[in-house]
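Thanks for coming, everyone. I'd like to walk you through one structure today, so please get the sequence and the 3D view up on your screens.

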Amino acid sequence: MANSPRPLVAGNWKMNGLKASLVELSAMAKAYDAALHSKVDLLICPPSLWIAPAVSQLAGSALAIGAQDCHFLPQGAHTGDISALMIKDAGASHVIVGHSERRTDHGETSALVKSKAEAVNAAGLVAIVCVGETQAERQAGRANEVVGEQLQHSIPADGKAKTLVIAYEPVWAIGTGLTPTAADVADMHGFIRQTCERLLPGQGQGLALLYGGSVKAQNAAELMQVANVNGALVGGASLKASDFMAIADVYR
Ligand code: PEP
């Protein structure tokens, strides 16, 4: 299908990894051969400090480097922040926005997430917008309502399938070892696909929809074959090349 999204397996290192950890990227790049590259895009989002060194270390490799967050403005008096423009200048291609840890730890609203996603797109980069419900919201039968609201207010009004990725990450599955059933993932991803098509007419079918939350080698094959799952956003299992590449190899 011409419109069918190309799979993406993205790693989010969060606040993990010292300079020595960059060796894992070289191991990933080595294992990311042409056969695998023909099937799936691979991306690692290290701490922002390591973006530029990672990009130069990976010169010539198809393994892409991204950022975990950015400010919504291109520059200015915002101590400690980095802009999408700076991330692009450092050689990265993607920026994660609206991760649940940012929404919780930094009180980020969907309106702020949207302005960040717009800044990412304005800089010419791909925005990975994260959405997901808490355990209490799921138990209350509100998962679709919560995710629908987040999508409506977090994605750029003129979002395009080429420069926007949605990551569904149930908050209760992140770093816990818990995962939803394949049926629950199918239901939610179908709902996200429909909602995105309504919000972005003509773009929704082509958007890559990632599942995130305790993805590892042991469950990746089952999760990645679910309808409307076009890849994964991986936290803990992206820190080691062997773990990350075992997930990516599902697409081989
Ligand atoms: C994440 O935080 O994006 C994530 C999916 O983490 P983990 O894979 O460790 O659950």
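Predicted model: local features only at pLDDT ≥ 70, side-chain atom pairs only at ≥ 80, totals over all residues.

Let's begin with the ligand. Which residues come nearest to it? There are 14 residues around the ligand, and the nearest of them are Lys14, His99, Glu169, Gly175 and Ser214. His99 uses its side chain, with a polar atom 2.7 Å from a ligand oxygen. Ser214 uses its backbone instead: a polar backbone atom sits 2.8 Å from an oxygen of the ligand. Gly236 also comes in through the backbone, at 2.9 Å from a ligand oxygen. How much of the ligand does the protein cover? On its own the ligand has 290 Å² of accessible area, and the protein covers 95% of that.

If you click on Lys14, you'll find it in the loop between β1, residues 8-12, and α1, residues 23-31. Have a look at its backbone: Lys14 has a positive phi of about 50 degrees, although it isn't a glycine.

Is Ser214 buried or exposed? Its relative accessibility is 16%, so it counts as buried, the cut-off being under 20%.

What does its side chain do? A polar atom of that side chain lies 2.7 Å from the backbone nitrogen of Gly177. The Ser214 side chain also reaches the backbone nitrogen of Thr176, at 3.5 Å. Setting aside neighbours within four places in sequence, Ser214 is in contact with Ala173, Gly175, Thr176, Gly177, Leu178, Thr179 and Asn219.

Let's move on to the helices, starting with α9, residues 182-199. It has 18 residues and spans 25 Å from first C-alpha to last, close to the expected 26 Å. Its buried residues are Val185, Met188, His189, Phe191, Ile192, Arg193, Thr195 and Cys196. What do the buried residues of α9 pack against? Their partners are β5, α7, α8, β6, β7 and α10.

Helix α8, residues 143-154, has 12 residues and reaches 16 Å, close to the 16 Å expected. Here the buried set is Ala143, Val146, Val147, Gly148, Gln150, Leu151 and Ser154. Among the elements covering them are α5, α6, β5, α7, β6 and α9.

Arg138 lies in helix α7 and is partly exposed, at 25% relative accessible area. Leaving out residues up to four places away in sequence, Arg138 touches Glu133, Ala143, Tyr168, Trp172, Asp184 and Met188. You've already met two of those: Ala143 is among the buried residues of α8, and Met188 is among those of α9. Trp172 is 34 residues away from Arg138 along the chain, yet their C-alpha atoms are separated by 9.3 Å.

The other one is Gln203, in the loop between α9 and β7. With residues up to four places away left out again, Gln203 touches Gly159, Lys160, Ala161 and Glu197. Gln203 and Gly159 are 44 residues apart in sequence and 7.8 Å apart C-alpha to C-alpha. For Ala161 there's a polar contact too: its backbone nitrogen is 2.8 Å from a polar atom of the Gln203 side chain.

Last stop, the cysteines. How many disulfides does a search of the whole structure find? The search finds 0. Cys196 is in no disulfide either, with the sulfur of Cys130 the nearest at 13 Å. As for burial, Cys45 is buried at 0% relative accessible area, and Cys196 is buried at 0% as well.

That's my tour, and I'm happy to take questions.

Terms used:
Residues numbered from 1 in each chain as written. Heavy atoms only, no water. Disulfide = S-S within 2.5 Å. Buried < 20%, exposed > 50% of the residue type's maximum accessible area, 1.4 Å probe, protein only. Helix = DSSP H or I, 4+ residues; strand = E, 2+ residues; numbered from the N terminus. Expected span 1.5 Å × (residues − 1). Contact = heavy atoms within 4.5 Å. Near = heavy atom within 4 Å. Polar contact = N/O pair within 3.5 Å; in protein donor to acceptor, adjacent residues only side chain to side chain. Areas by Shrake-Rupley, 256 points an atom, 1.4 Å probe, with all protein chains shown as cover.
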